[in-house]
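These are my notebook entries on a single chain. I set out to look up its cores, charged pairs, helices and backbone exceptions in turn.

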Amino acid sequence: MSLAAKYDSKTTEDKWYQYWMENDFFKSVPDERESYTIVIPPPNVTGVLHMGHMLNNTIQDVLIRRARLKGYNACWVPGTDHASIATEAKVVKKLKEQGIDKNDLSREEFLAHAWDWTDEYGGIILEQLKKLGASCDWSRTKFTLDDDMSASVIKVFVDLYNKGMIYRGFRMVNWDPEAQTTLSDEEVIYEERNGHLYHLKYQIKGSNDFISIATTRPETILGDTAICVHPDDDRYTDLVGKTVIVPIVNREIPVIADEYVDMEFGTGALKITPAHDENDKKIGETHKLEVIDIFNADATLNSYGLHYAGKDRFLVRKEISNELEEKGFLINKENHVHKVGTSERTGAVIEPRLSDQWFLKMEDLAQPAIKAVREDIVELLPAKFKSTYFHWMENVRDWNISRQLMWGQRIPAYFYGDGKEDFVVATCIEDAITLSRKRTNNDNLQASDLRQENDVLDTWFSSWLWPISVFNGVLEPENEEINYYYPTRDLVTGPDILFFWVARMIVAGYELRDEKPFDKVYLTGLVRDKQRRKMSKSLGNSPDALGLIENYGADGVRVGLLLSAAAGNDIMFDEDLCQQGKGFVNKMWNAYRLIDGWEVDETLSQPAHALQGLNWYKSRFAQVLNEVEDHYSKYRISDVLMTSYKLIYDDFCGWLLEIIKPEYQKPIDPKTLFEVIALFEDNLRLMHPFTPFITEELWQSIAARDVKDALCINTWPVAGTIDQSLLNDFELVQDVISGIRTVRKEKQISFKNEITLNSINNEELSGAYDSLIMKMGNVSQIDLVEEQVSGAASYRVKSNEYFIPLEGNIDVAAEIEKLSGELKRAQGFLIGVQKKLGNERFVNNAAVEIVDKEKQKEADTLAKIETIEASMKALKG
């Protein structure tokens with residue numbers, strides 16, 4: 001059955017994806033083959049498909065589909081991350097819309113709502129990835145809160161605690177007042193913001209004198225417990241040891257001396273608020289200062305805020321500055337740009353806060369992971385990201401792994417008393433009871449006497465185990481699957497989570513299995529718009545991913561995304577690229593429609609030009625396949641696509657099909673048809689990783705195939721012999737034919753009209769290709785001549801010169817008149833340029849590049865005049 005006139009992407013994509021799924025083509029189980037494993041960077045369960053996901057997962061699919069064709073046991077493990085902060089925020093928002101306050105619910109009640117939300121909305125993104133063509137083994141889909149995944153997390157926590165690597169400490173942490181949880185340093189985004197610098201004065205007790213300080217946060221004076229100056233600062237020597245009065249609060253605080261203070265910055269005097277600044281806390285510990293926390297968890301002021309209690313910090317900042325001014329404590333207020341830490345998840349401004357948290361010691365754990373990347377045991381691509389990786393890892397701080405949330409793996413610490421150290425860590429309540437009885441020497445302790453820690457673990461503490469836990473390698477470290485699939489092969493992700501996730505997975509791999517988790521990390525760039533802006537909902541520049549697939553087809557979008565997706569470089573996304581991708585898909589469709597439409601005459605022999613064209617394309621395909629293999633080995637995926645694209649678009653469609661195409665309404669010989677279909681099948685194999693749907697559709701249209709012969713599970717093409725001499729000859733043949741086409745176009749000679757071609761041949765090209773040139777140029781005969789032909793258009797190819805007689809093909813008089821006009825215009829332009837170059841003032845005063853540009857214009861115009869004059873001379877004979 002002949003192909004439809006137009007390719008229907010929607011019907012085709014649905015049909016073949018269902019076919020692949022029904023036949024378990026994506027399913028992987030351990031066998032005798034070498035494994036090739038990719039674990040998906042698990043998207044948030046709250047997520048929907050966006051351009052970053054589209055790029056990342058298309059690259060993964062390209063790699064996994066190619067591995068499948070190359071005979072590997074390809075396993076791509078999908079899944080989602082429970083995303084504790086993001087998911088909890090969405091559930092809280094939904095509850096608020098229903099008039100329910102999270103704080104009015106028990107933990108069990110809240111988690112019931114969270115699971116209902118997850119069951120209803122979670123995992124949408126995985127279904128959307130199927131529309132893109134992602135060939136994951138969906139039977140392996142994991143969720144970071146699956147029972148076995150959570151059990152793995154808890155076991156690792158307990159093991160690391162028992163090794164002395166996890167501890168509980170009272171620390172200054174990053175507090176997100178919107179999510180009401182602590183964040184790690186890496187989850188804080190620093191933004192430059194416009195604010196104010198407030199200059200305040202504190203009265204020195206027992207005098208009318210004042211000491212001035214500068215602050216960006218006047219509301220925190222309510223928590224001040226000292227003023228600090230440098231011990232060598234002569235301005236304040238007499239004040240050290242005295243006390244000052246905090247404005248509004250009227251609290252007496254000491255003036256202390258510490259070398260931390262920069263005498264040159266501001267007034268050289270600092271207000272110290274130990275509860276709300278990391279550096280102030282260190283000074284406070286050194287000088288044994290009181291710690292006064294003025295904030296509630298939601299960043300409203302508590303009772304220490306006096307008459308501002310219950311008000312938001314930013315409102316208080318405005319109101320207290322007014323009060324300070326009214327009472328004469330505000331010296332002045334100036335505009336000030338400073339960096340403000342914000343929550344990666346909620347965007348809220350971070351508050352430094354002292355609290356009891358759980359930490360993982362990182363310094364020793366980081367060492368094997370640093371060595372692995374330094375020695376390319378784990379290879380980062382592109383390598384430029386190594387320096388970023390080392391900067392983070394060599395300056396690593398202990399990881400704050402606790403979060404004040406309900407959604408997530410609850411920390412397995414059980415308190416048997418009221419003291420901070422009155423706890424045990426255990427994988428289950430039964431073990432906790434046993435440990436507590438031993439610790440307290442109280443055999444009567446029961447489960448009801450224990451209180452489990454309310455905090456949950458940081459989401460990354462579950463996803464850092466991902467390559468191991470998806471194969472149950474934590475709970476069963478020697479099971480068949482972990483030993484077969486681990487280490488995985490490639491990881492494709494964004495550089496923004498190089499430390500959050502990639503580095504920590506390497507750490508986990510060496511700590512838990514003494515082995516790397518993957519061979520290579522391919523770091524994609526960010527997808528930006530044409531104006532280089534990061535795509536976001538707020539800017540309205542992020543296209544609807546599924547809408548793009550609807551408009552351009554999944555194959556078209558995949559090609560469009562990868563045409564400019566060099567590793568590690570930001571991608572300037574332009575929807576026109578998807579249109580180009582769609583155009584390429586249609587080009588393949590129409591190429592086979594052309595082939596499929598040819599009638600076959602079994603009695604015909606293969607023409608010489610067809611044999612030459614087919615032999616050339618076989619060599620060209622082998623040459624390109626070697627280039628493609630080299631690009632793949634260096635993970636230059638965009639280059640793989642571009643090289644394959646040009647092969648099919650230019651060499652196959654633009655040249656080979658034109659070479660072998662029979663004359664209008666005439667048949668083709670069977671040998672040529674058989675060979676061109678075989679070459680087309682190799683094209684489909686080559687393009688399948690990039691355009692899986694159109695290639696499967698065409699593959700199945702060529703012949704009736706058994707399920708085992710589907711393209712999805714077929715074989716990668718094999719490079720044949722490269723005949724370099726033939727390839728070199730063909731470059732010249734193409735130049736000769738292109739010259740004919742150019743003359744026809746310029747002289748408006750119809751391609752339907754036969755022409756003759758004369759050649760002064762200096763043996764750059766033998767006459768063996770004459771039939772091919774005659775076919776492609778519609779040339780009736782090719783004659784060798786000894787000298788230039790008058791009345792002809794001419795062009796050169798290397799040392800050969802070619803002439804196309806124009807008599808009978810064009811109106812010679814009209815052509816001479818046309819050339820005369822062109823000559824006159826060129827000569828006039830030349831006079832203007834030379835006049836400018838003859839002006840010493842211009843030459844001496846103009847920028848060098850401007851003068852050089854004019855000289856280039858002169859040279860180009862002289863060459864043009866020479867060409868026109870030669871053409872006119874030839875026409876006049």
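Entry 1. I took buried to mean under 20% relative accessible area, exposed to mean over 50%, and partly exposed to mean in between. The model is a predicted one. With that cut-off I looked up Asp651, which counts as buried because its relative accessibility is 10%. Asp651 forms a salt bridge with Arg620, and the closest N and O atoms are 2.8 Å apart. I then checked where the two partners sit: Asp651 is in helix H19 and Arg620 is in helix H18 (residues 608-633), so that the pair links distant parts of the chain, 31 residues apart.

**Entry 2. Other salt bridges.** I looked up the total and found 54 salt bridges. Arg193 pairs with Glu191, with 3.0 Å between the closest N and O atoms. Arg193 counts as partly exposed at 32% relative accessibility, and Glu191 counts as partly exposed at 31%. Lys666 forms a salt bridge with Glu663, the closest N and O atoms being 3.6 Å apart. Here I noted that Lys666 is partly exposed at 48% relative accessibility, whereas Glu663 is exposed with 54%. I also recorded one network, in which salt bridges that share partners join Arg217, Glu219, Arg313, Arg317 and Glu351.

**Entry 3. Nonpolar cores.** In soluble globular proteins, nonpolar side chains tend to be buried together. Which residues have the most contacts inside the largest nonpolar core? I found Leu360, Tyr389, Phe461, Trp464, Ile506, Phe652 and Leu757, in a core of 188 residues. Helix H19 (residues 637-660) gives the most to this core, namely 13 residues. I also noted a second, separate core of 28 residues, with Tyr308, Val316, Ile320 and Leu330 among them. Returning to Leu757, I listed its contacts beyond four places in sequence; they include Val736, Ile740, Ile773, Val779, Tyr795, Tyr802 and Phe803. Gln781 and Asp783 are also among the contacts of Leu757.

**Entry 4. Helix H15.** I looked up the span of helix H15 (residues 498-513). Its 16 residues reach 21 Å from the first C-alpha to the last, close to the 22 Å expected at 1.5 Å a residue. Is H15 enclosed or open to the outside? I recorded H15 as largely enclosed by the rest of the structure, because 14 of its 16 residues are buried. Just after H15, Asp514 takes a positive phi of about 55 degrees.

Entry 5. Ser436 lies in helix H11 (residues 429-440) and is buried, with a relative accessible area of 0%. Not counting residues up to four places away in sequence, I found that Ser436 touches Tyr416, Val424, Leu445 and Leu450. Met149 is in helix H6 (residues 147-162) and is buried at 2% relative accessible area. With the same exclusion of residues up to four places away, Met149 touches Lys142, Phe143, Thr144, Trp466, Ser469 and Val470. I also looked up the separation of Met149 from Asp224, 75 residues apart along the chain, and the C-alpha distance is 46 Å.

**Entry 6. Backbone exceptions.** Most residues other than glycine have a negative phi, and most peptide bonds are trans. I therefore listed the exceptions: where is the cis bond with omega of about -5 degrees? A cis peptide bond with that omega joins Leu381 and Pro382, and Pro382 lies in the loop between strand E15 (379-381) and helix H10 (386-394). The bond from Tyr486 to Pro487 is also cis, with omega near 0 degrees; Pro487 lies in the loop between helix H14 (480-485) and strand E22 (488-493). Asp376, not a glycine, has a positive phi of about 60 degrees. Asp376 is placed in the loop between helix H9 (363-374) and E15, and is partly exposed at 40%. Asn778 has a positive phi of about 50 degrees, in the loop between helix H23 (770-777) and strand E27 (779-784). Asn778 is partly exposed, with a relative accessible area of 23%.

**Entry 7. Surface.** Last, I looked up a nonpolar surface patch of about 230 Å², made by Val48, Tyr121 and Ile124. Tyr121 is in helix H4 (residues 107-121) and counts as partly exposed at 35% relative accessibility.

Notes. Residues numbered from 1 in each chain as written. Predicted model: local features only at pLDDT ≥ 70, side-chain atom pairs only at ≥ 80, totals over all residues. Heavy atoms only, no water. Patch = residues over 30% accessible without salt bridge, like charges linked within 9 Å, V, L, I, M, F, W, Y side chains within 5 Å. Areas by Shrake-Rupley, 256 points an atom, 1.4 Å probe, with all protein chains shown as cover. Salt bridge = Lys/Arg side-chain N within 4 Å of Asp/Glu carboxyl O. Helix = DSSP H or I, 4+ residues; strand = E, 2+ residues; numbered from the N terminus. Buried < 20%, exposed > 50% of the residue type's maximum accessible area, 1.4 Å probe, protein only. Expected span 1.5 Å × (residues − 1). Core = buried A, V, L, I, M, F, W, Y, C linked by side-chain atoms within 4.5 Å. Contact = heavy atoms within 4.5 Å.
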